Amino acid sequence: MHHHTRDLIATKRCDVLVVGAGPAGLTAAITLARYGIDVLLIEKHRGTSPFPKATGVSTRTMELFRSWGIEQQIRAGSMRVRPVMTFARTLLDESVLAVPFGYPTDEQALTQSPCTPCCCAQDHLEPVLLQHLYGVGGRVRFGVELVDLVDTGDAVLATIRDETTAAVERVEAAYVIGADGPRSTVRAAAGIGIEDLGTIGDFVSVTFRAHLTHRLGGLPAAINTVEMPGAEGVFVPTSRDDRWIYARQWHPETGGRIDDWTPQHCVALIRAASGAADLLPDILAVQPFVMGGHLADSFAAGRTFLVGDAAHRTTPVGGTGMNTAIHAAHNLGWKLAWVLRGWAGVDLLGSYEQERRPIGASNVLRSLRRGPGPEQDPDAGLAGDIGVRYHSDVLHEVETPTRQRVSSPECGHHMPGCRPTAVAVRPWTCSTAGSRCSPDPTGTGGIAWSARLRRRGSRSGRS
Ligand SMILES: Cc1cc2nc3c(=O)[nH]c(=O)nc-3n(C[C@H](O)[C@H](O)[C@H](O)COP(=O)(O)OP(=O)(O)OC[C@H]3O[C@@H](n4cnc5c(N)ncnc54)[C@H](O)[C@@H]3O)c2cc1C
């Protein structure tokens with residue numbers, strides 16, 4: 001027997017409990033641990049995800065990783081791809097069309113940033129983040145699931161269960177971060193609803209390994225769309241050693257069954273779609289997924305906060321889901337750290353939702369192909385990534401002569417959001433801006449701290 005009554009369960013304490021070790025949870029935990037905050041990260045699975053999932057790591061995300069000193073470790077798992085989406089009859093056929101899909105070329109990125117984006121799958125990225133988290137003193141418990149949460153006003157009491165021993169424990173935390181993905185338990189426990197913003201359709205993703213790269217005429221595109229009748233779909237390279245995803249729409253609503261996606265069926269589809277009739281693909285995983293978008297009604301309730309897919313779920317279109325998750329987690333992470341360290345008042349925390357919800361909403365809509373896509377405006381992806389401008393109660397805009405105009409002459413476009421008279425600060429101009437810039441190195445886009453916030457800085461978040 002592991003317990004008789006709730007009262008007999010020993011209660012452990014931490015400053016911040018992070019639920020979910022995906023990109024959002026790892027980023028939030030790293031950001032907090034780097035400030036010396038006592039953070040506990042729990043993940044119900046026994047390790048980070050074994051699936052490649054997202055491969056697009058944006059310029060802004062790489063800036064963040066660079067600031068932590070792990071840029072090269074991330075790049076060690078990167079693939080060489082063309083940052084475009086191509087269209088062809090089969091993968092091996094010459095593409096007839098190549099369009100931007102939301103990522104800049106290295107040259108375009110380097111006009112705005114010391115970093116270039118990177119193409120690297122989540123099953124490389126997450127272990128790098130995990131090792132970094134251990135290195136900065138984060139505590140992580142795998143195989144531990146959050147079961148319930150109660151916000152007492154002074155703290156959050158979490159009930160967690162060890163999946164191996166079935167032992168139930170209680171954790172008391174000053175704050176809880178729900179980074180537990182689209183079906184967030186934290187979101188439900190906090191009573192936060194979600195709005196379904198639309199669905200593109202049902203898809204099946206087949207992960208496989210096959211000697212394909214050497215048969216291509218050149219580098220693969222990040223997204224290779226094929227139009228072979230009966231096998232229409234996309235190929236996405238997901239490793240340096242010929243592991244790929246082939247994804248295709250299917251129709252469970254008209255009787256399609258996932259059991260019909262046998263290895264034989266997948267091999268036949270991949271052969272037809274690749275144009276390599278003799279290919280011997282090794283099928284690694286077959287996963288149905290809904291290409292849909294949702295947005296949480298609120299990103300916070302009391303001492304509980306939502307980040308990543310728990311707050312805003314995009315479709316894979318445009319490659320923003322994981323990046324939006326990471327940027328939001330960093331935004332929340334440093335704010336909680338500042339409040340817990342007593343450097344800022346609790347009012348700072350309200351700015352997380354004010355700053356990040358509009359971006360979450362617009363990225364979800366863009367990924368649903370509502371709003372201008374990268375095909376219409378090739379700069380939209382880079383601007384939406386590093387040209388973000390925040391508006392919140394704790395920020396006020398200050399014009400200083402040291403700001404650097406952000407535009408992208410190479411592409412012949414101004415960054416959207418930067419009107420002809422508008423300017424945005426890039427990281428290396430912050431220190432000379434005269435007024436105090438956000439410690440978030442690039443995210444505030446030219447907005448300095450409000451003195452009001454600093455005056456309130458003595459109140460502790462733990463109160
Ligand atoms: C096929 C596919 C392709 C994609 N391509 C891209 C792309 O190119 N670019 C991009 O930016 N994004 C892409 N995405 C989206 C990206 O994968 C997600 O946005 C990203 O993983 C979200 O990170 P997260 O940390 O919020 O959630 P997740 O990665 O879902 O992590 C949540 C974690 O919480 C854990 N958890 C859940 N409940 C509990 C609980 N009660 N207790 C403890 N742990 C719990 C889960 O086990 C999981 O590990 C893609 C997604 C898919 C499916």
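1. Which residue just after helix 1 takes a positive phi? Gly36 does, with a value of about 80 degrees. Please keep in mind while reading on that this is a predicted model.

2. The chain holds 12 helices and 22 strands. Of its 463 residues, 48% are buried. Among the contacts with a separation of 6 or more, 74% are between residues 24 or more positions apart.

3. Now to helix 1 itself, which covers residues 23-34. From its first C-alpha to its last, helix 1 reaches 16 Å, and its 12 residues would be expected to reach 16 Å at 1.5 Å a residue, so the two figures are close.

4. How many residues of helix 1 are buried? The count is 12 of the 12, so helix 1 is largely enclosed by the rest of the structure. The buried residues run from Pro23 to Arg34, and include Gly25, Thr27 and Thr31 as well as Leu26, Ile30 and Leu32.

5. What do these buried residues pack against? Their partners are strand 1 (11-19), strand 2 (39-43), helix 5, strand 10 (168-178) and helix 8 (321-340).

6. Two packed helices are described by the angle between their axes and the distance between the axes. For helix 1 and helix 5 (residues 122-135), the angle is about 20 degrees and the axes lie 9 Å apart. The angle is under 35 degrees, which means that helix 1 counts as roughly parallel to helix 5. Their crossing is left-handed.

7. Which side chains should you display for this contact? Helix 1 contributes Pro23, Leu26, Thr27, Ala29, Ile30 and Ala33. Helix 5 contributes Gln122, Leu125, Glu126, Leu129, Leu130, His132 and Leu133. By class, the contact has nine nonpolar, three polar and one charged residues. As a reminder, an α-helix has 3.6 residues a turn, so residues three or four places apart point the same way.

8. Helix 8 is the other helix partner on the list for helix 1. At 1.5 Å a residue, the 20 residues of helix 8 should span 28 Å, and its end C-alpha atoms are 28 Å apart, so the values agree. With 20 of its 20 residues buried, helix 8 is largely enclosed by the rest of the structure.

9. To finish, look just past the end of helix 8. Gly342 takes a positive phi there, of about 80 degrees.

Key. Residues numbered from 1 in each chain as written. Predicted model: local features only at pLDDT ≥ 70, side-chain atom pairs only at ≥ 80, totals over all residues. Axes fitted to C-alpha atoms, helices over the stretch in contact; angles between N-to-C directions. Helix = DSSP H or I, 4+ residues; strand = E, 2+ residues; numbered from the N terminus. Parallel < 35°, antiparallel > 145°, perpendicular 65-115°, else oblique. Left-handed = near helix turned anticlockwise from the far one by under 90°. Contact = placed C-beta atoms within 7 Å. Nonpolar A, V, L, I, M, F, W, Y, C, P; charged D, E, K, R; others polar. Buried ≥ 20, exposed ≤ 12 C-beta atoms within 10 Å, placed from the backbone.
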